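These are my notebook entries on one chain. I looked up its fold, its core, its aromatic rings and its charged pairs.

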Amino acid sequence: DCPQAGENAKYSEACYKATEPPYFVCINMTPDEWVEKALDTYPRCCGEDLSECTCPVKDYWFFKNKIADYCAKVEVCIDADSSVSSGGDARFLRGQVEDANE
């Protein structure tokens, strides 16, 4: 299991659960580090403009199918960190992906 945030948690339990990475990643990070990484990635990789996203597979269909779910999970944390603005982009992206799959 991944490490738990503990009593002095900086984010909500729902946020930690939503952004928890795979085991091989989380064993090398603290819970706060993985949430902060998710919040850092969100503005670049969640939205219509992915030009700032550094993921090497950002232009492939499988990335676009997976990122919408990831963005929705990170949104759980957005309220806890007011310095990150969603601007509604993740909801737009989810809609685009859902439309493409129909």
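**Entry 1: charged pairs**

I began with D69, which counts as partly exposed because its relative accessibility is 44%. The terms I use are buried for under 20% relative accessible area, exposed for over 50%, and partly exposed in between, with a 1.4 Å probe and protein chains only. The model is a predicted one, in which local features need pLDDT of at least 70, side-chain atom pairs count only at pLDDT 80 or more, and totals for chains, interfaces and linings use all residues. Residues are numbered from 1 along each chain as its sequence is written, and side-chain values use heavy atoms, with hydrogens and water left out.

I then looked up the partner of D69: K73 forms a salt bridge with D69, with 3.5 Å between the closest N and O atoms. A salt bridge here is a side-chain nitrogen of Lys or Arg within 4 Å of a carboxyl oxygen of Asp or Glu. Both K73 and D69 lie in helix α4, four residues apart, about one turn of the helix. K73 is partly exposed, at a relative accessible area of 38%.

How many salt bridges does the structure hold? I find four. One of them joins the side chains of E13 and K17 at 3.5 Å, N to O. E13 and K17 are four residues apart in helix α1, so about one helical turn separates them. E13 is exposed at 58% relative accessible area, and K17 is exposed at 60%.

I also noted the salt bridge between the side chains of K10 and E36, 2.9 Å from N to O. This pair links distant parts of the chain, 26 residues apart: K10 sits in the segment before α1 and E36 in helix α3. K10 is exposed, with a relative accessible area of 53%, whereas E36 is partly exposed, with 32%.

**Entry 2: fold and core**

I looked up the elements next: the protein chain has five helices and zero strands. Helices (H or I, at least four residues) and strands (E, at least two) are DSSP runs, numbered from the N terminus. Of the 102 residues of the protein chain, 34% count as buried.

Which residues touch the most other members of the largest nonpolar core? Among the 20 residues of this core, they are Y11, W34, V35, L39, Y42, F63 and V74. Helices α1 (13-19), α3 and α4 each supply at least two residues of this core. A nonpolar core is a set of buried Ala, Val, Leu, Ile, Met, Phe, Trp, Tyr and Cys residues joined through side-chain atoms within 4.5 Å.

**Entry 3: aromatic rings**

I recorded three aromatic pairs in the structure. Y11 and Y16 form an edge-to-face pair, 6.0 Å centre to centre with 80° between the planes. Rings of Phe, Tyr and Trp (its six-membered ring) pair if their centres lie within 6.5 Å; planes under 30 degrees apart count as stacked, over 60 as edge-to-face and the rest as tilted. Y11 counts as buried because its relative accessibility is 9%, and Y16 counts as buried at 6%.

Y60 and F62 form a stacked pair, 5.6 Å centre to centre with 10° between the planes. Y60 is partly exposed at 46%, and F62 is partly exposed at 37%. I located Y60 in the loop between α3 (31-45) and α4 (61-78). Ring pairs link Y60, W61 and F62 into a cluster.
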